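Here are my notes for you, written as numbered points. Keep the model open while you read, and look up each residue as it comes up.

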Amino acid sequence: MPKRIYITTPIYYVNDKPHIGHAYTTTVCDVYARFMRFAGWDVFFLTGTDEHGMRIEKVATGRAMSPQQLADENAVAFQQLSPLLGFTNDDFIRTTEPRHVRQVQTFVQKLVDTQTVYLGEFEGWYDEGQEEYIPQTKARELDYRSPVNNLPLVRAKEHNFYFRLSAFQGRLESLFEKNPDFVRPEARRNEVLGRLREGLQDVPMSRTNFTWGVPMPHDPGHVIYVWIDALMNYITALGLGEPDSDAYRQRSKYWPATYHIIGKEILWFHAVIWPAVLMALDLPLPKCVYAHSFWIREGQKMSKSLGNFIDLTTIKQYVDRYGLDAWRYYMATHGPLGATDADFRADHFHTVYNTDLANTLGNCASRTAAMINKYFDGFVPAEAGPNESALADEEGPDDLHRPIADHDWPAITKEAVSSSTAAMEKIDLARSIGCAIGLVRKVDAFINLTEPYKLAKDESKRGELGAILYQCLEAVRIASLLLWAVMPGKMSELWSALGLSIEPDAGRLAELAEWGGLEPGCRVRKIALFPRVDTLSVIEGAA
Ligand code: MSP
């Protein structure tokens, strides 16, 4: 029985078009989901769109269209990200879908029934940008302006339904204490914990000042607060609110989530409000909420007012110039997964492409395949084995043999596979991918050290030459298995050049990654994976 994984992205607001921020979070989830499926896990990967709320209503009104029309138009743009950027999400949920609306109402009714939701009056500072009330002390710190759009906070008074968040103070504190990994990275956890310890207030969970939302059950004058509606997507997509449904039968097994991957600005909702709602519904809690930092651009925050967002048009230009796999590689290895923001710089992208992909991975695969073509007519030579014919000749290891004997490739590759897998399990994408690229660098160094092109001149060293080239290609093959999740297109190309038919969804990574999988005698074609891009020409709006 394979172990299960449920990974989610935030659901994105449809008042906006997709940009690098959205593409990034989904790429992180996709790389993880692909890798873990390959490693044999039963993975469910969800993304979608958040389609209710006042700001969507406002944008739609401004564009003289209905909120549903706006949602339909922009949801498509988000759905198109998957084929464009190679995402393998198992479902795409939209919060205006009946399956979601029905279940949200069921869950909210349950909260009313258990009195974790009650009717009351509230007055406070309201941030229209984030659609949230800001506590008095925080509002003063912010100079009564929205941290999202810098517009003045609005003094608002509402007769509303409230969620009894304050009742969960103790349970939330103990959740954080007992599960140090509930919120990652640690810096983010400490922030949440600090704010949590200031004490929790009940939160309004319905609105009456607009209508674009899920109606409150039995009280359609109120719509359910967009954040409560949105957070519930993680369980409505699995059918948890409809135990008689097919969705429930097929998908309820994936709950609780392994990872909710989000950006740092929406951590409070996910780390505090969401677990409290789940506790109130008597449902198990997610294992980890991972809040990454932000992409900034050429040293500046990306914002609408600066007009410097990396939008889909710019992303497509990068994909056209460097290839989709290179785009995914850069996202995964240099993105803001940790606690600090990452700067997207065109020159850095260019350097990383040439250094890691063209000069290291591409070059190593191509020179190894070229030598096999040149010296062995394209047939993979046998690994005579450093301890067999190649090294155990009568003369004993000389200077040339030494480096070969020093390289215990089965052990080196085994270590790379286990470190890469362990890092991926923890969502440390850069480290996981780094283990594979590190392996390729070792192969390169090995070629430089053993100089097979010199050995090729000496007929008596043919066994040794064959062994070296076998080892190089076999190590590259194993690295390619670890790199498939991030660069599925190029790694499949590599496999086909090696005559391998590998199905990552069959979940056989560990088995395939065992040393010796490459069969001597099979045919290797020449390989050109990542052509060098010599000039850093400016991509529209990239500088
Ligand atoms: N609809 C809410 C989320 C509800 S989840 C139950 C929302 N949507 S959003 O469209 O604004 O998307 C926010 C997410 O986009 C962030 O959490 C992050 O995943 C991603 N990013 C937006 N800007 C970003 C950057 N500049 N850098 C990296 N990711 C960022 O909030």
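**Notes on the ligand site and the chain**

1. Start with His-22: an N or O atom in the side chain of His-22 lies 3.4 Å from an oxygen atom of the ligand. That counts as a polar contact (a pair of N or O atoms within 3.5 Å; within protein, one must be able to donate a hydrogen and the other to accept it, and residues adjacent in sequence count only if both atoms are side-chain atoms). Before going on, note that this is a predicted model, where local features need pLDDT of at least 70 and side-chain atom pairs pLDDT 80 or more, while totals for chains, interfaces and linings use all residues. Residues are numbered from 1 along each chain as its sequence is written, and side-chain values use heavy atoms, with hydrogens and water left out.

2. Next, Glu-265: its side chain has an N or O atom 3.2 Å from a ligand oxygen.

3. How much of the ligand does the protein bury? Taken alone, the ligand exposes 670 Å², and the protein buries 93% of that (Shrake-Rupley method, 1.4 Å probe).

4. Now the shell: 23 residues surround the ligand (a heavy atom within 4 Å). Ile-11, Thr-25, Asp-50, Gly-263 and Trp-295 are the closest. By type, the shell has 12 nonpolar residues, nine polar and two charged. Here Ala, Val, Leu, Ile, Met, Phe, Trp, Tyr, Cys and Pro count as nonpolar, Asp, Glu, Lys and Arg as charged, and the others, Gly among them, as polar.

5. Which element gives the most residues to that shell? It's β1, with four. Helices (H or I, at least four residues) and strands (E, at least two) are DSSP runs, numbered from the N terminus.

6. Have a look at helix α22, residues 488-497. Among the elements covering them are α1 (20-38), α14 (324-334), α15 (346-376) and α21 (462-483). After α22 comes Gly-499, with a positive phi near 70°.

7. Finally, zoom out. The protein chain has 23 helices and 15 strands, and its C-alpha trace spans about 90 × 50 × 40 Å along its principal axes. Of its 543 residues, 57% are buried.

Key
Buried < 20%, exposed > 50% of the residue type's maximum accessible area, 1.4 Å probe, protein only. Contact = heavy atoms within 4.5 Å.
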